[in-house]
Structures are given as structure tokens and as C-alpha cells.
Amino acid sequence: MSEQPNYAIELNEQIRTFDCPDCGKKSLTVWGFISKNNAAHAIYYAGLMTGHDQASAGLTISIGGWGVENADEQNVESRLWLFIEARPTADSYEMMVREPEESYYFDKPILGKPMARAAALASPLLGEFFAVADFVAFNDPAVKSYLIGREVSTLGRKSIG
């Protein structure tokens, strides 16, 4: 029997606003770091589309090469990232892998190599990306509150700006 991974989250202190690239409405971004079994594992950005009728959280998740001092090119090259959209349902939420170009953070080389939807769906890492996405959805107060239809929580963060 394999042991379940032990994840932990470290929230970035800020919540930032951004204009939706499609409609221009104000939305929010939160981000943080995920450790797995006490070692740096991933970073994430969550775009909370607060200005829209249909609630949607875009999770850009980068795994690999984090936590190494002076993150050099080798560490960036070992990273893969995936864009996952989470939408609330009547009693939970559903997640879907999207194309990397849809991510607000597509042009951030620090994230590593983007995974196209087809490649991600065939990847042995897909389960790990979904595990991290689920952990973020349940443990980042801003993401969790948004997905259950409440006002976006600032718990653990200083301000919206």
C-alpha cells in the first residue's frame, strides 16, 4: 500500500486584479507555493473570473525544479506546467485541462514548458497535476470561497490591489 503524499500550501500575501482579456471585466489573481512531503514541489496562479456570470477559476500549475536556490536554466527546463479550468457544480466543482495559450500566464518562461491539452491527457503526470489542483481548490481560501459561490476570501493575504 503506497503512502498518500503530504501536501502543504504557502499563500502569497497579495491578491491582484486583472482585466479579462476577452471582455475587459475586472477579475482576481492569487498565487502560492505547494510542497509535497516537506519539499518544494509546485507553484500556482489562480485566475478567479469574478466579473463573469459563469464562475471559472483558471489554475496555471508548474511542477518540478522548485525550491532549488538560484533557480537556474536547468531547473526551468525540468519544469512542466498545465492550465486547468475549475467550474463550480451544484455540490462541488469540475476540472478540465485547457490549452496553455488560454492561460493568463502563458508568456512566463519561469513556469517551464507548457503542456498542450492532448499531451497532458496522455501524460503520466496528469494525476499529479489534478492532485495539486484539488489541493489548491480545498486549501487556498480565495479559490475555495470563490468556487463555492461566496465572496473571495482574503484570509492569509494582505489586500486586493
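**Salt bridges, a strand and a helix**

Asp 140 is buried, with a relative accessible area of 0%. The model in which this value was computed is a predicted one, and the account that follows begins with the partner of this residue. The side chain of Asp 140 meets that of Arg 157 in a salt bridge, with 2.7 Å from N to O. Because Asp 140 lies in the loop between H3 and helix H4 (141–147), while Arg 157 lies in the loop between H4 and strand S9 (159–160), the pair ties together parts that are 17 residues apart in sequence. Arg 157 is buried as well, at a relative accessible area of 7%, which places it under the 20% cut-off for that class.

Side chains of opposite charge can pair when their charged atoms come close. How many salt bridges does a search of the whole structure find? The search finds six, and one of them joins Lys 36 to Glu 128, whose closest N and O atoms are 3.2 Å apart. This pair links distant parts of the chain, since Lys 36 belongs to strand S3 (residues 26–36) and Glu 128 to helix H3 (residues 126–139), 92 residues away. Lys 36 is partly exposed, with a relative accessible area of 24%, whereas Glu 128 counts as buried at 15% relative accessibility.

Another salt bridge is formed by Arg 87 with Glu 85, where the closest N and O atoms are 2.8 Å apart. Here Arg 87 counts as partly exposed at 31% relative accessibility, and Glu 85 counts as buried at 10%. These two residues also take part in a network of salt bridges that links Glu 85, Arg 87, Arg 98 and Glu 102.

The strand that holds Lys 36 can now be followed along its pairings. Eight of the eleven residues of S3 are buried, so this strand is largely enclosed by the rest of the structure. Strand S1 (residues 7–11) pairs with S3 in the antiparallel sense over five bridges, and in this pairing Leu 11 stands opposite Gly 32 of S3. Strand S2 (residues 14–19) is likewise antiparallel to S3, with four bridges between them, and Thr 17 stands opposite Leu 28 in S3. The hairpin of S2 and S3 has six residues between the strands, and within this hairpin Gly 24 takes a positive phi near 85°.

S3 is also joined to strand S4 (residues 39–48), by nine bridges and again in an antiparallel arrangement.

H3 has 14 residues and reaches 20 Å from its first C-alpha to its last, close to the 20 Å expected at 1.5 Å a residue. Which residues of H3 are buried? They are Leu 126, Glu 128, Phe 129, Val 132, Ala 133, Phe 135, Val 136 and Ala 137.

Key. Residues are numbered from 1 along each chain as its sequence is written. This is a predicted model: local features need pLDDT of at least 70, side-chain atom pairs count only at pLDDT 80 or more; totals for chains, interfaces and linings use all residues. Side-chain values use heavy atoms; hydrogens and water are left out. A salt bridge is a side-chain nitrogen of Lys or Arg within 4 Å of a carboxyl oxygen of Asp or Glu. Helices (H or I, at least four residues) and strands (E, at least two) are DSSP runs, numbered from the N terminus. Buried means under 20% relative accessible area, exposed over 50%, partly exposed in between (1.4 Å probe, protein chains only). Two strands pair if DSSP finds at least two bridges between them. The expected span of a helix is 1.5 Å times one less than its number of residues.
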